[in-house]
Amino acid sequence: MSRSRRIKLQVFRATIFILLGAFFLVPIGTMFEFSTRGNSVTSPRTMEAWAAIFREPDLMKAIGVSLELAVITSVGMLVLLLPTMVWVRLRLPQVHRIVEFLCLLPLTIPAIALVVGVAPLYHWIEINVTDSILILSFVYLIIVLPYSYRALDAGLSAIDIKTLSEAARSLGAGWGTVMFRVIVPNMSTALLNACLLSVAVVLGEFTFAQLLYFENLQVAISYVGLVSAGTSIAVSVASLIFAFMLLMILSFFGRPREREVRGEEMLPGTESRVLPLRNSFIGVPDK
Amino acid sequence: MMATAGAGVEVRLEDLRRSYAGVTALDGLSLTMAPGELVALLGPSGCGKTTAMRLVAGLEEANSGRVMFGGKDVTGLPANKRDVGMVFQAYSLFPHMTAQQNVAFGLSLHKVGAAEQKKRSGEMLELVGLSKYANRYAHQLSGGQQQRVALARALAIQPTVLLLDEPLSALDAKVRSRLRDEIRRVQLEVGTTTLFVTHDQEEALAIADRVGVMNAGRLEQLDSPVAIYSRPATPFVAEFVGLTNRIPGTVKFGMVEVRGTELPLVQHDTPTGPATALVRPEAVSLASEGDSVPGPLIGTVIAVAFLGATSRVTVDLGDIVVLAQLPTAEASAHPAGTRVRLAIRPDPVLIAREEKAPVEA
């Protein structure tokens, strides 16, 4: 690639990066700006709205509950979906399309329709079993299915699961060993992706909780917003920052291994070189 | 040197049958492998050879029949209880492990201590000549190196039987030939009874003690490589293994008359009448003919393919084209365009089977 072409490409990448960055960061920046305003236009900047988060017991409780829901939903999703998808790929490829259809179905059903459908069941559970908010995780499991399915499907497609599992079986591995020592380590990025999407969906969920009379993070934010707009905006910014932090962690865990350098071409003793994802994204040239 | 598996065991397949949705993949395969023997199953795609191997490995269940290792019936055992080592056609190293960790994986499942795992995996990598690459991941190894590590991994658990499922087919020709010899050397060294599946006849004939040629789920012939090539038991084997000329003739009095030359038959019960004789190119020789009158075995050389020590000469006899394989020095006397007289050595020949529509098994 010629030097001028490379510079053009870098400028193009940087432009796209700046535009996208602005698209995401400007609203968050303005939210932050709003949450730090004083009571009047001339008042000095204040972190009062942020400090108020910790003084709202209902809000703190809602944050804790939403995080619990996110963890339970993510674990439940993995326990339900991963073995099912592996089994379908290995033993029942003919039902692959059916499973895919079922998993993507929640995308096509409006949340309000789902709520109307599950409300009687939830009322029965609340009266006869438990009224804990954690039972929301059942319905959250359904709404995260489409996103998690896509992430896991991409991960499973990236490895030759049939050959790897057969190789492990022939070496004496039972199915549990195949799953935990062969399949899971080879799709860690996909698992993290699926979990992140589940966490993001659960932390941002409002409709189900509100209509089923539970108070999760988003419902609590809406209540706080009625009293103090600054605090509700501060919580929203904090939850977005939390999601970004998860994404950053993911990008470090999920760095791709270098695949192009093969044994014949490598000099003895050379190590594989892994470019951090962020560098390649912003156009730092390969050395 | 490494600790070897010791003498192999006898492996016996008894009337194995397997079908998929009504399509027969394996139709009563019976085969006995002597301890330490390397048997290659050879055949076209869909002939059932891979199915046979998967049944031996326990990766699939037979509809009927038995698999015996050293006199013990293992038909009902799952793959992880069969004590087989397997090398696959596709690269099968675990990508998140180094070469050494891959080799040690099976040992850890067999409750071998950490120190012993390290020692034995090191020995195995040394056996396949990859000690220097012990800390490399699969993506840092070439295809040939990956298959060698896979071989070391399969042998590390000292399996009762070693199964090789077209392990060389994804490699380029040069690496394939080198690794083929490597596999044979290692197999002889460890003495494990080995089943090798391939569709490459050169590979099968070069590596195996015995070759089993399969067709449509059945074993057509199981014999030494020399016998398979020079004394094929069926027309399918004759046509599948090596090149064969199909020359029309007539069967009468237990012989087949081909363009004025009488050739003995392998199968003496061949019915009388028109038939197509299968003649190896090595059985055809050439002599200069000059401008002599046309005859049934006189034709024109249309191509000479240099193969190294030998050359393959293509001769147009007018109605058919015949191949002759000769020493290169001899073939060079008959460049393209020259008129030649063919002679067919009176080796016993087979008669071609009736043409049928190909059946995918």
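Of the 361 residues of chain B, 42% count as buried. For chain A the share is 27% of 287 residues. Both values come from a predicted model, which scores ipTM 0.80 and pTM 0.77. Chain A has 13 helices and zero strands, whereas chain B has nine helices and 20 strands. The two chains touch, with 24 residues taken from chain A and 24 from chain B.

**Confidence**

- Chain B has a mean pLDDT of 87. In that chain, 94% of the residues reach 70 or more.
- Residues 1–5 of chain B stay under 50 in pLDDT. The model gives this stretch 14 contacts beyond four places in sequence.
- Residues 355–361 of chain B also stay under 50. Here the model has 10 contacts beyond four places in sequence.

**Chain B: overall build**

- The C-alpha atoms of chain B fill a box of roughly 80 × 45 × 35 Å along the principal axes.
- Take the contacts in chain B between residues at least 6 apart in sequence: 67% of them join residues at least 24 apart.

**Chain B: helices H2 and H4**

- Helix H2 (residues 99–109) of chain B packs on helix H4 (residues 143–156) of chain B, with the axes 8 Å apart. The angle between them is about 25 degrees.
- Angles under 35 degrees count as roughly parallel, so H2(B) is roughly parallel to H4(B).
- The crossing of H2(B) past H4(B) is right-handed.
- H2(B) brings B:Ala99, B:Asn102, B:Val103, B:Phe105, B:Gly106 and B:Leu107 to the contact. H4(B) answers with B:Val149, B:Ala152, B:Arg153 and B:Ala156.
- By class, this contact of H2(B) with H4(B) holds seven nonpolar, two polar and one charged residues.

- Most residues other than glycine have a negative phi.
- B:Asp83 is not a glycine, yet has a positive phi of about 65 degrees. B:Asp83 sits in the loop between strand E5 (72–73) and strand E6 (84–87) of chain B.
- B:Asp83 counts as partly exposed because it has 18 C-beta neighbours inside 10 Å. A buried residue needs 20 or more.
- B:Arg259 is not a glycine either, and has a positive phi of about 45 degrees. The loop between strand E12 (255–258) and strand E13 (261–264) of chain B holds B:Arg259.
- B:Arg259 has 18 C-beta neighbours inside 10 Å, so B:Arg259 counts as partly exposed.

**Chain A: overall build**

- Read along the sequence, chain A follows the pattern α-α-α-α-α-α-α-α-α-α-α-α-α.
- In chain A, residues 24 or more positions apart account for 75% of the contacts with a separation of 6 or more.
- A:Leu211 lies in helix H10 (residues 207–211) of chain A. With 17 other C-beta atoms within 10 Å, A:Leu211 is partly exposed.

**Chain A: helices H3 and H9**

- Helix H3 (residues 57–90) of chain A and helix H9 (residues 188–203) of chain A cross at roughly 140 degrees. Their axes come within 9 Å.
- Roughly antiparallel applies over 145 degrees, so H3(A) counts as oblique to H9(A).
- H3(A) passes H9(A) in a right-handed crossing.
- On the H3(A) side, the contact uses A:Ser66, A:Leu69, A:Ala70, A:Thr73, A:Ser74, A:Met77 and A:Leu78. On the H9(A) side, the partners are A:Leu191, A:Ala194, A:Cys195, A:Ser198, A:Val199, A:Val202 and A:Leu203.
- The residues of this contact of H3(A) with H9(A) divide into 10 nonpolar, four polar and no charged.

**Where the chains meet**

- The contact between the chains takes 24 residues from each of chain A and chain B.
- On the side of chain A that touches chain B, helix H7 (161–170) and helix H8 (175–186) of chain A each supply at least two residues.
- H7(A) gives the most to that side of chain A, with six residues.
- The side of chain A that touches chain B divides into nine nonpolar, eight polar and seven charged residues.

How values were computed: Residues are numbered from 1 along each chain as its sequence is written. Chains are lettered from A and ligands numbered from 1 in the order in which they are written. This is a predicted model: local features need pLDDT of at least 70, side-chain atom pairs count only at pLDDT 80 or more; totals for chains, interfaces and linings use all residues. Axes are lines fitted to C-alpha atoms, for helices over the stretch in contact, and angles run from 0 to 180 degrees between N-to-C directions. Helices (H or I, at least four residues) and strands (E, at least two) are DSSP runs, numbered from the N terminus. Angles under 35 degrees count as roughly parallel, over 145 as roughly antiparallel, 65 to 115 as roughly perpendicular and the rest as oblique. A crossing is left-handed if the near helix is turned anticlockwise from the far one by less than a right angle, and right-handed if clockwise. Two residues are in contact if their C-beta atoms, placed from the backbone, lie within 7 Å. Ala, Val, Leu, Ile, Met, Phe, Trp, Tyr, Cys and Pro count as nonpolar, Asp, Glu, Lys and Arg as charged, and the others, Gly among them, as polar. A residue is buried if 20 or more other C-beta atoms lie within 10 Å of its own, exposed if 12 or fewer, and partly exposed in between; C-beta atoms are placed from the backbone. pLDDT is the predictor's confidence in each residue, from 0 to 100.
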